[in-house]
Amino acid sequence: MLLSIPNVLTSQQVLEARKILSESAWVDGRVTAGHQSSKAKDNMQVPEDHPAARQVGDMILAALGKNPLFLSAALPLKVFPPLFNRYAGGQSFGTHVDNAIRQVTGTPHRLRTDLSATLFFTGPEEYDGGELCIEDTYGVKSVKLPAGHMILYPSTSLHHVTPVTRGDRICSFFWMQSMIRDDGQRSILFDLDSAIQRISHDHPQNAYSVQLTGVYHNLLRQWAEM
Ligand code: NI
């Protein structure tokens, strides 16, 4: 499932986050890359343990915790503390796949990456290039979203970021382990939940929405891993 989630952050939050990040330290992005992807990666990152990363990361996690579309689509079990990258002056990230297991640095916590997320802090008008290109079974999908919006995509997919030839592309990126490991099962639950929401909205008296809600929870009970 490839899903764009609009307005995860308000424009005010984006401005605040950009101010905090601009005053932060930026280091070579290869610090968090695996062996294979470090050869493809050319960008800058805020160090994982930098207070700016944790401050803006917490802002993102708080917003996602209240975002019904995100919660319904991702069914998150564990979310990696958000990281931050910047591309400028022709920087890019060649085709790679994200590591399957990630350890949160300095902690014993590990998670399986089922879903990858990129949240944009600079708008498409501020830079040229910098498309996130995701290869899935339907072909290559090119993504470049307004500031404050986020793309959610399967961590199993190959992906790359095209060179940024003008301006700065600043994003947050992170991963999550879902209660539903399988992308197909997670998509079914998301479709079912979306349909139930629409029925409940359009036909509040319809008794079958309760039955469908039961089906939803019984599938979740069958498939969820905690
Ligand atoms: Ni990646």
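How are α5 and α6 oriented relative to each other? In this predicted model, the axes of helix α5, spanning residues 183–202, and helix α6, spanning residues 208–223, come within 10 Å and cross at roughly 160°. Because angles over 145 degrees count as roughly antiparallel, α5 and α6 are therefore roughly antiparallel to each other. The contact draws on Gln185, Ile188, Leu189, Leu192, Asp193, Ile196, Ile199 and Ser200 of α5, together with Ser209, Leu212, Thr213, Val215, Tyr216, Leu219, Leu220 and Trp223 of α6. Sorted by class, this contact of α5 with α6 has 11 nonpolar, four polar and one charged residues. The crossing in which α5 passes α6 is left-handed.

The structure also holds one cavity of 30 Å³ or more. The lining of the largest cavity is formed by 25 residues, of which Phe93, His96, Asp98, His159 and Phe173 lie nearest its centre. Two or more residues of this lining are given by each of the elements β6 (83–87), β7 (92–96), β10 (115–120), β15 (158–161) and β17 (169–178), and the largest share, four residues, comes from β17.

The largest pocket, for its part, is lined by Met1, Leu2, Asp136, Thr137, Tyr138, Pro154, Thr156, Ser157 and Asp183. The table sets out the volumes and the classes of lining residues.

| Space | Volume | Lining residues by class |
|---|---|---|
| Largest pocket | about 150 Å³ | four nonpolar, three polar, two charged |
| Largest cavity | about 280 Å³ | 11 nonpolar, 10 polar, four charged |

Terms used:
Residues numbered from 1 in each chain as written. Predicted model: local features only at pLDDT ≥ 70, side-chain atom pairs only at ≥ 80, totals over all residues. Heavy atoms only, no water. Axes fitted to C-alpha atoms, helices over the stretch in contact; angles between N-to-C directions. Parallel < 35°, antiparallel > 145°, perpendicular 65-115°, else oblique. Left-handed = near helix turned anticlockwise from the far one by under 90°. Contact = heavy atoms within 4.5 Å. Nonpolar A, V, L, I, M, F, W, Y, C, P; charged D, E, K, R; others polar. 1 Å grid on protein atoms, 1.4 Å probe; cavity = no way out; pocket = protein on both sides within 12 Å on 5 of 7 lines; lining within 4 Å. Points joined across faces, edges and corners; volume = space filled by probe spheres on them.
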